[in-house]
Amino acid sequence: MNELRCTYSLTVNIDITGLRAAVKKLGKRIYSVQIYMIATVVNQYEEFRMDTDSDEELGYWSEVNPCYTVFNKDSETFSSIWTNYNWALSTILCK
């Protein structure tokens, strides 16, 4: 616990042909929609929002905000940014 934080990772192939078409029709960007969809799923499960506090007591965040990278073409660098998650909006966008 003190040497390495526990993380989870999963890689799967998913056919998003229909999703891409719907996103394009709405004039949205697929990357943004995918980040939002993942955040919606993560926020539905308490297990994905677990962490320990400074006293090593297990607890749960009431909500987590997505953090992701964006590429700046001019400087050719990546920046790590985060966005406030909005549960009410997710119920509208992700139906």
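Colleague: How should I read the exposure of Tyr31: is it buried, partly exposed or exposed?

Modeller: The scale is relative accessible area, computed with a 1.4 Å probe on protein chains only, where under 20% is buried, over 50% is exposed and anything in between is partly exposed. On that scale Tyr31 is partly exposed, because its relative accessible area is 39%. Please keep in mind that this is a predicted model, in which local features need pLDDT of at least 70 and side-chain atom pairs count only at pLDDT 80 or more, whereas totals for chains, interfaces and linings use all residues. Residues are numbered from 1 along each chain as its sequence is written, and side-chain values use heavy atoms, with hydrogens and water left out.

Colleague: What share of the protein's residues count as buried, and how do the elements run from the N terminus on?

Modeller: Of its 95 residues, 13% count as buried.

Colleague: How many residues does helix α2 have, and what are its buried residues?

Modeller: A helix can be checked against its expected span, which is 1.5 Å times one less than its number of residues. Helix α2 covers residues 30–44, 15 residues in total, and reaches 21 Å from its first C-alpha to its last, close to the expected 21 Å. Its buried residues are Val33, Ile35, Tyr36, Ala39, Thr40 and Asn43. Seen down the axis, these buried residues fall within an arc of 160 degrees, so they line one face of α2; the arc is that of the directions from the helix axis to the C-beta atoms.

Colleague: What does the side chain of Asn43 reach?

Modeller: A polar contact is a pair of N or O atoms within 3.5 Å; within protein, one atom must be able to donate a hydrogen and the other to accept it, and residues adjacent in sequence count only if both atoms are side-chain atoms. Asn43, in helix α2, is buried with a relative accessible area of 8%, and its side chain reaches the backbone nitrogen of Val64 at 2.7 Å.

Colleague: How many aromatic pairs are there, and how is such a pair described?

Modeller: A pair of aromatic rings is described by the distance of the centres and the angle of the planes. Rings of Phe, Tyr and Trp (its six-membered ring) pair if their centres lie within 6.5 Å, and planes under 30 degrees apart count as stacked, over 60 as edge-to-face and the rest as tilted. By this rule there are 4 aromatic pairs. One of them joins Tyr31 and Tyr68 edge-to-face, at 6.2 Å centre to centre with 80 degrees between the planes. This pair links distant parts of the chain, with Tyr31 in helix α2 and Tyr68 in strand β3 (residues 67–72), 37 residues apart. Tyr68 is buried, at 16% relative accessible area.

Colleague: Why is the pair of Tyr36 and Tyr85 stacked?

Modeller: The ring centres of Tyr36 and Tyr85 are 5.4 Å apart and the planes stand at 25 degrees, so the pair is stacked. Tyr36 lies in helix α2 and Tyr85 in the loop between β4 (77–82) and α3 (87–93), so the pair ties together parts that are 49 residues apart in sequence. Tyr36 counts as buried at 16% relative accessibility, and Tyr85 is buried at 6%.

Colleague: Which residues is Trp82 in contact with, leaving aside its neighbours within four places in sequence?

Modeller: Contact means heavy atoms within 4.5 Å. With those neighbours set aside, Trp82 is in contact with Asn65, Pro66 and Cys67. Trp82 sits in strand β4 and is exposed, with a relative accessible area of 53%. Its C-alpha lies 4.1 Å from that of Cys67, although Trp82 and Cys67 are 15 residues apart along the chain.

Note on methods:
Helices (H or I, at least four residues) and strands (E, at least two) are DSSP runs, numbered from the N terminus.
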